[in-house]
Amino acid sequence: YGLKDLVPVLRHEPTYDSNMTLGIDLNSLLNSLDITKDTKSHHCLDAFESPWVETSRSEVQPTFYIPESFRNIKGMLGTAQVEFTSVNRDQPRISLLQDETLFYLFYKHPGSVIQELTYLELRKRNWRYHKTLKVWLTKDPMMEPVVARDSMSERGSYVFFDPQRWEKCQRDFVLHYNAIM
Amino acid sequence: EIDEFTLKHLESSLLNCPDSLDADTPRLFENPLSLPHPTSIFFPHEP
Amino acid sequence: TKTERYYLVFTEWVKLQQRVKPDNPVNIVFIRQLFEKGVIDKKEKIIEFIKAALELSVNSFKQSDPTGEVFTSIDALSRLITSLLVIQEFDIEERKEYFNLLLSVVTLVFAKDHQTNVTSFNERPYFRLYSSLLTDWDKLRDHHFIRVSDSAVRKSLTEFDPYFFDIFASFLHSYQPIAFPGFSFAWITLVSHRMFLPKILRSKELRGWDKLVLLLIDLMKFLSQYIKKGNVPDSISVIYKGALRIFLGIANDVPEFLIQNHYKLVKNVPPTCIQLRNIILSAIPKKMLVPDPFVLQITEENCSDIPEVFYDPSQDLKSLKKPIINYLRIPSSSLLRTISGGIFRTELEYENGIGYDENNVDVNLIHAIVTHVAVEVGLEVSKASKNAVFNVKSSYYTLLFGLLSDGNDEVKFHVIQAMVNQLRYPNVHTHWFNFALKLMFLAEDWPDDQLPIVQEIILRSLLERIIVNKPHPWSVVVTFMDLLKLEGTDMIDKPFITDIPEIHAIIENL
């Protein structure tokens, strides 16, 4: 119970796990929690991803609340719930829309009639949907592709619509026919 | 001493430790159609 | 089979959840049909249904492509549980009972899985279920359940809300690592979940604090069990690191929790985890600025705050409660003898301490006595003058002095450790124990040449908290500096210091 018994601790002897007994420099742990001297009012537990830094590699959605009055403001762009419920009414409109608008509707309304309508329209415009990459592509008109010997694929130049960057881009690509629809 | 049963269970728990994705808000209805991670569309993607 | 029919119905629910938003009325219609068609209209049926749904969901998780959506069924089950809890016309007791029932079914399935599948048990789907329950409930309860249109139902749910967390915490307690080591890492993640821990910490009237203290004690008991001299399994080290981060989060967000519960928490910290103990004892009220221990002294002015103690330590005084209360009112040597004789255990307790491996004394009882003295000092100071309390003749001082002089080294050690546990941020307890420890260090009326032993144990108890990485409780540093100033160069000439070169070097430096 005396001072002598602190000696193994001071000497980092293996009797005691020094990470637990002597402890560690807590600065890195505090930084991982965004706790600094200047952030006294910051509540780190409200967005706590995980007890370990190693398993906190992505942020989690903290508590938040959008009042109903902020959701359905009439006349505000993008707030009204757009519903495509009538094929008869909507189909003629589809052919009038630009490519980018069709891509937008395709990705925005999965599992809906409008997705199917836009799919059909894009196919009419010679776009094809790549099932694995989950993007639309069309042939580059300037280059003729070379078909493989087994007729299962072709190599050529294609224009892709990149939904991440929201732009068309041209790439050389090996296209497997069973990958597109 | 830590018994074999407990040690095995602990090690398995460590291996399966839930991460922040496991603790994230469920999004049953809002399954995104785009790629799960924002990478180039030409990133090698396993079918 | 009946189970297969339950699988089919549940699968329909899962598909529905992928097609519609949670607040779509079709969800209520579906559930109503579950009752009307006799699927879950009786207790036995809901038990079987939830059991089947959970087993299906866990299997679905195990068989799903790990890079894809593995939690679809589990999330849907969470949605179902929350909906069942909310849409039925329950009074508060019925809702509590129903929630208990549903979580009991989950627990039984979980326990069976944990017990029978040692190699293939996976904690993740169960973790996800509880995590999703928390997030689903969180969405519902926002702004006092404002999304619920019926005001009577809203009121009923608002009343039930604290019980939701209370029941959740109770079940978490039964899932503790000692019981289910295969769920340890998931358990710790749930205790610190962003939709649980902050809610409990900030619960109205601090209703959740009791259960949270219990959960943190569960965590520390598990660590204590497996932190052994010379060998700490890797998984335990990782658990410790997670615990550390959680306590740091609590110290930042709601330090009052650590301040008011220091008594219960600190006596359960593994004795070799000095830094963790320091974190708890270094907590400072949010409104207070961190004082500089090398500049500030302990005075009546800066230590006027009387700390609140959430749990009354006198409840732990057992058979010594009456003698101690009586002694503090009117000290007597016979009462002191009773108290000194009553602090021993009937059986030896193994404890992995620094320099010791077992306890003959009831350490919890000693902590209760010392903390009770602290609480009484605070009360007395608020009612009467400080002079009556800050006095060598006060019963508070003579009780502790008496325990120390009657006791052997082991008693002295644990009493002094409990006293040093009261040295925290500037407050009345801190002030009094600084006063008491300084007096004891210099007292000349220790019987049988006990002064050097008392001095050594006081220095050991202070020094062990300062030689470790930060944080250091403010008044531990101040008290240590006070003793150095009082003793001057006499300190480094003390035999118990000169005998140990490492300690001599430290003291000499300071």
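Tutor: What follows describes the interface of chain A and chain C, then chain C itself.

This is a predicted model, in which local features need pLDDT of at least 70, side-chain atom pairs count only at pLDDT 80 or more, and totals for chains, interfaces and linings use all residues. Residues are numbered from 1 along each chain as its sequence is written, chains are lettered from A and ligands numbered from 1 in the order in which they are written, and side-chain values use heavy atoms, with hydrogens and water left out.

Chain A brings 49 residues to the contact and chain C brings 69 residues, where contact means heavy atoms within 4.5 Å. The size of an interface is often given as the accessible area lost when the parts come together. Here the buried area is about 5,000 Å², and carbon and sulfur atoms give 62% of this; buried area is the accessible area (1.4 Å probe) that two parts lose on being put together, summed over both. Of the area that chain A buries against chain C, 19% comes from Tyr1(A), Leu3(A) and Met20(A), more than from any other three residues.

Two salt bridges cross the interface of chain A and chain C, a salt bridge being a side-chain nitrogen of Lys or Arg within 4 Å of a carboxyl oxygen of Asp or Glu. Arg202(C) and Asp46(A) meet through their side chains in a salt bridge, at 3.2 Å from N to O. On the side of chain A that touches chain C, the residues divide into 27 nonpolar, 13 polar and nine charged. In this grouping Ala, Val, Leu, Ile, Met, Phe, Trp, Tyr, Cys and Pro are nonpolar, Asp, Glu, Lys and Arg are charged, and the others, Gly among them, are polar.

Now to chain C as a whole. Its C-alpha trace spans about 85 × 50 × 45 Å along the principal axes. Of its 510 residues, 58% are buried (buried is under 20% relative accessible area, exposed over 50%, partly exposed in between; 1.4 Å probe, protein chains only). Among contacts in chain C with a separation of 6 or more, 72% join residues 24 or more positions apart.

Phe344(C) counts as partly exposed because its relative accessibility is 39%. Leaving aside residues up to four places away in sequence, Phe344(C) touches Asn360(C), Val361(C), Asp362(C) and Val411(C). Phe344(C) and Glu502(C) lie 158 residues apart in sequence and 34 Å apart in space, C-alpha to C-alpha.
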